Amino acid sequence: MRVEHVLLKDYTTLGVGGPAELWTVETPEDLKKATEAPYRVLGNGSNLLVMDEGVEERVIRLGGVFAEWDLKGWVGAGALLPPLVQEAARQGLSGLEGLLGIPAQVGGAVKMNAGTRFGEMADALEAVEIFHEGRFQVYEPKELGFGYRQSRLPPGGIVTRVRLRLKERPREEIRRRIAEVDAARKGQPKKKSAGCAFKNPPGQSAGRLIDQRGLKGLRVGGAMVSLEHGNFIVNLGGARAQDILALVRAIQEELPLELEWEVWP
């Protein structure tokens, strides 16, 4: 286990975030010790806005055994999603193609039921192991209340491992599916962002609504609504969390959109 005092801007895809005590846990014993005081869990730092003052709680990050994976066995919650998608395709295993390009760790993807219009994390789950109140318990996906960009994990529960529901398919068929998903991502910005900022209202696209309202290019400090995709807020360099949050609120004054990101604190 490693304990460090860090700036969370170095651990988030938006590149903003203040100080925190970061606990990198590598074994079940580490995890039990790390959770003896108030905590938050950090995945890959996407879909997350950390304020500039940082957080008081210790921040737990999963490594070691929690980052190990076997596509035909257990997959650690600390494993990164993109390599899993590519390795599944190489092995001729289908079920993860719709998650292409999501820069998440498995645990974070489960918690928010990450996905695209081509599929969600919950679609690929067979079982989920969660650490809660000092013990590990395995759940079936139907017990965890998955919905659009949400789940109902036990309060304070930490996803530690999952078993994936993958099916053997011809590799060429999987590659075609991946190419289709990849083509749909071409319009996404390359600058620092936390992914889509807002949830899509039923039957609508948040990005399209933002575009139609003429909000692309709206800027506060170093934060801007992307010119490439209206549902992305990008860090142009030197943005503060307050800039980004002010931009979120300016959009919400124009449109009744629900924020998709988690905000700390």
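The model is predicted: local features need pLDDT of at least 70 and side-chain atom pairs count only at pLDDT 80 or more, while totals for chains, interfaces and linings use all residues. Residues are numbered from 1 along each chain as its sequence is written, and side-chain values use heavy atoms, with hydrogens and water left out.

The secondary structure of the protein comes to six helices and 18 strands. Helices (H or I, at least four residues) and strands (E, at least two) are DSSP runs, numbered from the N terminus. The radius of gyration is 18 Å, close to the 18 Å that the globule rule gives for 265 residues, so the protein is as compact as a globular protein of that length. That radius is taken over C-alpha atoms, and the globule rule is 2.2 Å times the number of residues to the power 0.38. Along its principal axes the C-alpha trace spans about 50 × 45 × 30 Å. Of the 265 residues, 51% count as buried; buried means under 20% relative accessible area, exposed over 50%, and partly exposed in between (1.4 Å probe, protein chains only).

Strands of a sheet pair through backbone hydrogen bonds, either parallel or antiparallel. Here two strands pair if DSSP finds at least two bridges between them. Four strands form an open sheet with mixed pairing, in the order S1-S2-S5-S3. Strand S1 (2–7) and strand S3 (39–42) stand at the edges, each with a single partner strand, so one side of each has no neighbour in the sheet. From one strand to the next, the twist averages 35°; axes are lines fitted to C-alpha atoms, for helices over the stretch in contact, and angles run from 0 to 180 degrees between N-to-C directions. S1 and strand S2 (residues 19–25) run antiparallel and are joined by six bridges. Glu4 has Leu22 in S2 as its bridge partner.

Glu4 also takes part in a salt bridge with Arg2, where the closest N and O atoms are 3.2 Å apart. A salt bridge is a side-chain nitrogen of Lys or Arg within 4 Å of a carboxyl oxygen of Asp or Glu, and the count by this rule comes to 19. Arg2 is partly exposed at 42% relative accessibility, and Glu4 is partly exposed at 25%.

A second salt bridge joins Arg161 and Glu129, with the closest N and O atoms 3.1 Å apart. Arg161 lies in strand S12 (residues 158–164) and Glu129 in strand S10 (residues 125–132), so the pair ties together parts that are 32 residues apart in sequence. Glu129 is buried at 10% relative accessibility, whereas Arg161 is partly exposed at 29%. Arg161 also lies over the face of Trp74, at 4.2 Å from the ring centre. Arg163 lies over the face of Trp74 too, at 5.5 Å from the ring centre. A charge sits over a ring if NZ of Lys or CZ of Arg is within 6 Å of the ring centre and within 35 degrees of the ring normal.

Asp182 and Arg185 meet in a further salt bridge (3.0 Å, N to O). Salt bridges that share partners also join Glu120, Arg149 and Glu260 into one network.

Rings of Phe, Tyr and Trp (its six-membered ring) pair if their centres lie within 6.5 Å; planes under 30 degrees apart count as stacked, over 60 as edge-to-face and the rest as tilted. This rule gives one aromatic pair. Phe131 and Phe136 form that tilted pair, 4.8 Å centre to centre with 55° between the planes. Phe131 is buried at 3% relative accessibility, while Phe136 is partly exposed at 27%.
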